[in-house]
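The following paragraphs lead the reader through two parts of the structure shown below.

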Amino acid sequence: MICPPTVPTCRRPGPNPGSVHRDQFDFRCLERRIGGQRRARMSRARTVLWLSPTLRSVLSLYRARFMEGQPQGPPNPAAMENGTEPNREERPPGFQETTITEGAAKIVFPSANEVFYNPVQEFNRDLTCAVITEFARIQLAAKGIQIKVPGEKDVQKVVVDLSEPKEDKAEPKEGANLALEDQPRTAAVGEICEEGLRVLEGLAASGLRSIRFAREVPGLRSVVANDASARAVALIRRNVQLNEVAHLVQPSQADARMLMYQHQKASERFDVIDLDPYGSPASFLDAAVQAVSEGGLLCVTCTDMAVLAGNSGETCYSKYGAMALKSRACHEMALRTVLHSLDLRANCYQRFVVPLLSISADFYVRVFVRVFTGQAKVKASASKQALVFQCVGCGAFHLQRLGKASAASGGRLKFSAACGPPVAPECEHCGQRHQLGGPMWAEPLHDLEFVGRVLEAVSANPGRFHTAERIRGVLSVITEELPDVPLYYTLDQLSSTIHCNTPSLLQLRSALLHAGFRVSLSHACKNAVKTDAPSSALWDIMRCWEKEYPVKRERLSESSPAFRILRVEPRLQANFTIRDDANPSSRQRGLKRFQANPEANWGPRPRARPGGKAAGETVEERRRLLQNKRKEPVEDPAERAAWLKTFPCKRFKEGTCQQGDQCCYSHSAPSPKATAEATPSDCPEAPSQNPAEPGAATGPGIE
């Protein structure tokens with residue numbers, strides 16, 4: 001076999017003699033050399049003829065690259081670390097992207113569900129930017145640094161000490177230098193602050209939140225946008241370059257837990273850690289409480305509300321170390337369960353948490369806590385947790401603290417075990433049994449001073465956030481909540497228990513105020529009644545209300561909670577006259593306290609998957625097809641049989657359906673489009689051959 005000749009490389013003189021770039025081939029010289037070889041050596045004609053098609057393809061390839069001006073050198077690792085390397089990944093045919101603008105950031109993400117993004121959580125991201133801004137203002141003020149937020153008025157105050165001796169004015173140069181030194185340093189948005197905050201977003205997805213931090217929050221030293229998905233990190237690099245924040249945002253591909261465990265040293269910890277996972281953050285909490293700096297801010301989102309709201313108490317215990325109960329106050333109990341889990345994990349390392357703000361909104365809960373270290377403070381953590389005894393009949397609840405803190409000599413605190421239980425085996429009002437839930441956080445959910453600072457900043461600069469109106473409303477309700485009263489009742493719960501008409505919110509609040517109790521709303525539920533009145537006083541008020549709007553007692557069972565509650569005469573005479581202070585300020589001003597549905601089919605989005613399908617018309621058609629699949633659509637058997645024939649048979653697809661033509665579902669081969677859009681259902685007539693796997697979704701509309 002004759003080896004092909006080596007392709008000659010004709011060099012053109014460049015800036016440095018003897019240096020040749022890949023794009024500096026002289027194509028005409030190369031062709032002349034090839035033609036010269038053909039004429040000079042006829043014995044190698046076959047080899048040249050065999051080689052010429054390959055050379056032509058090489059020449060055409062280099063000509064195309066040279067004309068397009070694409071660099072062919074090796075990638076720059078440093079540029080890729082900073083997120084400035086252009087994204088040259090090949091995209092499949094039909095690849096679609098979506099560009100959105102939120103706040104000051106503009107991001108690109110695939111239309112297919114490969115990288116997670118939920119527009120409904122814009123309120124979450126806006127609130128986080130507002131909270132971190134105020135936290136940075138507090139932290140940097142201690143270092144003599146003043147932050148500048150776009151849209152805020154300059155409120156810098158110059159303090160002049162009039163008690164200075166006049167001799168200091170004799171040296172104008174030193175006085176001028178001192179004046180310059182006394183001026184506070186400033187930190188602006190988009191600039192690196194050497195003494196600023198180090199921020200970590202552990203699960204960044206598209207990088208939107210990190211980019212918004214870099215473009216909207218002043219006083220930052222660095223922002224690490226981490227994600228375990230290579231596709232997500234490539235998208236983060238692209239969005240970082242698009243928003244020109246490569247000097248602040250550092251893309252990172254790693255397991256969030258390992259990344260935080262690697263920053264346990266005090267000098268390497270982050271000042272702010274933001275965790276917004278898909279589902280439960282339980283697996284990240286242990287690493288997070290160790291990687292946050294002393295007094296640092298930890299922001300955690302939980303979207304597994306079905307677990308936290310009591311649908312699966314044993315799952316809640318395995319994740320958060322507490323039993324969740326089904327109750328009307330489940331959203332606030334979810335917040336307190338997450339705070340208990342955070343404090344419990346921090347206590348293992350002689351640390352404890354101090355809540356700044358705790359929000360229950362839409363389909364998730366969000367907590368902002370500061371983490372401190374102190375062995376003496378950790379001893380008080382047991383007295384901050386409580387168990388919940390809740391009646392299954394009337395819903396009355398009682399709290400039992402796990403520990404007790406009492407004053408000792410010398411101004412010290414003595415800690416001991418608490419005594420209990422606070423209830424009898426049966427409920428004193430309806431005679432039903434109690435359920436035991438918790439432990440949960442029993443201390444205040446918010447730092448009202450900090451919440452007031454955030455509310456003041458958002459109100460003074462309403463154009464900064466798109467959801468500023470809702471932030472104002474929610475924070476206003478939080479400032480009106482009773483901080484020392486855990487959980488709440490609801491209007492519909494109280495009235496439905498005794499089967500009576502529902503009093504208005506102002507009437508019930510006025511009755512509690514007339515009786516000498518405190519009462520407030522709750523941001524977690526629009527019908528909430530948070531009060532320090534005991535359950536006995538609350539049921540006395542409802543008994544008085546029932547006397548004005550009587551219930552037909554003959555229709556009540558003697559063993560029902562309503563009958564047992566109403567057969568007792570009230571010891572408290574309620575006054576339902578409307579009081580002026582019964583209507584809270586946020587309600588009088590008409591603030592947007594509770595958000596309406598922002599869009600159709602809103603809520604938690606499907607988990608991001610590699611090569612995921614676009615959530616467009618295909619998903620909507622599938623939802624429409626599976627709507628009310630298990631319900632009786634019509635009474636006519638013929639119409640019902642024809643309707644069921646529109647659904648493909650799942651067992652036929654698996655090859656296990658034995659009904660043949662007698663099956664009520666379709667056995668025709670589904671088209672590729674129909675297969676993608678519809679999920680086949682089980683055949684009810686066929687005996688169960690293969691039992692469903694644990695956790696398999698069999699209901700209608702399950703994704």
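In the hairpin formed by β10 and β11, with 2 residues between the strands, D362 adopts a positive phi near 55 degrees. The model is a predicted one, in which local features need pLDDT of at least 70 and side-chain atom pairs count only at pLDDT 80 or more, while totals for chains, interfaces and linings use all residues. Residues are numbered from 1 along each chain as its sequence is written, and side-chain values use heavy atoms, with hydrogens and water left out.

Strand β10 covers residues 351–361 and pairs with β11 in the antiparallel sense over 10 bridges; here S360 has V365 of β11 as its bridge partner. Strands are DSSP runs of E with at least two residues, helices are runs of H or I with at least four, and both are numbered from the N terminus. Two strands pair if DSSP finds at least two bridges between them.

Strand β11 also pairs in the antiparallel sense with β9 (residues 292–302), over 7 bridges, and C302 stands opposite V365 in β11. Of the 10 residues of β11 (364–373), 8 are buried, that is, under 20% relative accessible area with a 1.4 Å probe, protein chains only.

Q507, L508, A511 and L512 in α17 meet L538, I541, M542 and W545 in α18, contact meaning heavy atoms within 4.5 Å.

Technical notes
Buried < 20%, exposed > 50% of the residue type's maximum accessible area, 1.4 Å probe, protein only.
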